Amino acid sequence: MADTKKRLLTGLQPSGQLHIGNYLGALKPFADTAPEYDAMLMIADYHALTSLKSPTQLRENIIDVVADYVAAGIDPANVVIFKQSDVMQHTELAWIFECLVTVPFLSQAHAYKDKVAKGLEANAGLFNYPMLMAADILLYDSEFVPVGEDQRQHIEYSREAANKFNIAYGQTFAEPKELIMSHVGTIPGTDGKKMSKSYGNTIPLFGTDDAIRTAVMSITTDSTPVGAPLNPETDIAFALHKHFSPNIKELEARYRSGEIGYKKSKEILAENIIATISPMREKRAALSREAVIQILKDGAEVARTRAEAKMKLVREKVGVGLY
Ligand code: ADP
Ligand code: TRP
């Protein structure tokens, strides 16, 4: 049956400690969806070079992100897990796409404009980022690309790259579709804004029990006194309970009746988060660096074979593949 499954690929930047927003918004949906597809998960380490300049940090982040994903339920026996830099065909195909799209077209990318507006160096890698991403996707004839809302435009860019190539050289690439993982919505951070590592409002996914308790207890609340009814619709802790706590209806009733106060609610939440993630944390601790490296090496071999088959065709089409 494996050969009838549709190809799905996603990429992620190796960018440090994951939080429960990443888990609920990206890791879990991917782990839940992957078995239905011929799935590939790529660590975008060359994309990370556009902003990360510390080799030590990059090395560490690559190992960490693979360990995190495997511990969170992505099974390397079913998902090809590999890193971009292990498959040179990605940068090779990106170059070909860069020769087909225009500078004004790339200048319109929201992600590029946002990063430059935030003061990030406008290096040429950052500018060409969408074409490397198009190569990641199109090399494997990926039909579906699970991404967050912020990456929607990049998938459009991939479709445009496919289209430009097909017009110039004949039908070669199918247009990929984004699979927006939005059904969980935005997970709030401890201050009520979107949980994000850039806001410092996260609850760490693989933190110690104490780190999780501290983060949960710091969730912002209003000044409703103990004993007064609480509004579950506006409470940040309640929004998190929905994802971690059983008997949510009962909890809602306790909120509305004033039977539970913020402190108690947060204590319950912390314990429920800990209960959900402690098996993952144990799995992560049991994964050696060597095991992670082996996963990447095995994945690279599969990815390279697939990528080279496609690139051979591409080189012939553009006129550089002579023998
Ligand atoms: P951060 O905002 O912490 O930098 P990223 O932008 O690296 O997180 O997000 C990686 C993935 O996790 C994306 O697919 C994104 O949609 C998901 N994600 C991040 N934060 C949240 C959140 N607060 N709620 C839901 N999903 C999230
Ligand atoms: N740009 C994506 C992000 O920052 C990461 C990424 C790189 C990607 N290559 C990809 C996502 C290919 C999907 C498919 O989240």
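In the predicted model, Leu12 stands opposite Ile43 in strand E2, where strands are DSSP runs of E with at least two residues and helices are runs of H or I with at least four, both numbered from the N terminus. Strand E1 (residues 7-12) pairs with E2 in the parallel sense over 6 bridges; two strands are said to pair if DSSP finds at least two bridges between them. Strand E3 (residues 79-83) also runs parallel to E2, and 5 bridges join these two strands. Within this pairing, Leu41 stands opposite Ile81 in E3. Together with helix H1 (residues 20-33), E1 and E2 form a right-handed β-α-β unit. The crossover is termed right-handed if the path from the first strand over the helix to the second runs clockwise, with the strands pointing away from the viewer.

Strand E2 (residues 38-43) is mostly covered, as 6 of its 6 residues are buried. Here, buried denotes under 20% relative accessible area, exposed over 50%, and partly exposed the range in between (1.4 Å probe, protein chains only). In a regular strand the side chains alternate between the two faces of the sheet. Both faces of E2 are covered, with Asp38, Met40 and Met42 buried on one side and Ala39, Leu41 and Ile43 buried on the other.

The structure holds 24 salt bridges, each defined as a side-chain nitrogen of Lys or Arg within 4 Å of a carboxyl oxygen of Asp or Glu. One of them joins the side chains of Asp38 and Arg306 (3.7 Å, N to O). Because Asp38 lies in strand E2 and Arg306 in helix H13 (residues 289-318), this pair ties together parts that are 268 residues apart in sequence. Arg306 is partly exposed, with a relative accessible area of 25%.

A further salt bridge is found between the side chains of Arg315 and Glu92 (2.7 Å, N to O). Distant parts of the chain are linked by this pair, since Arg315 belongs to helix H13 and Glu92 to helix H4 (residues 89-98), 223 residues apart. Arg315 is buried at a relative accessible area of 19%, whereas Glu92 is partly exposed at 28%. The side chains of Glu259 and Arg254 likewise meet in a salt bridge (3.5 Å, N to O). Of this pair, Glu259 is exposed, with a relative accessible area of 57%, and Arg254 is partly exposed, at 24%.

The domain assignment gives domain 1 (2-186 + 289-318) and domain 2 (207-283), with bounds taken from an automatic or database assignment. The C-alpha centres of the two domains lie 35 Å apart. Contact (heavy atoms within 4.5 Å) involves 7 residues of domain 1 and 6 residues of domain 2. The area buried between the domains is about 650 Å², of which carbon and sulfur atoms give 80%; buried area is the accessible area (1.4 Å probe) that two parts lose on being put together, summed over both. In domain 1, Ile20, Leu24 and Ala71 lose the most area to domain 2, together 64% of what that side buries. The count of salt bridges between the two domains is 0.

Residues are numbered from 1 along each chain as its sequence is written, and chains are lettered from A and ligands numbered from 1 in the order in which they are written. For this predicted model, local features need pLDDT of at least 70 and side-chain atom pairs count only at pLDDT 80 or more, while totals for chains, interfaces and linings use all residues, and side-chain values use heavy atoms, with hydrogens and water left out.
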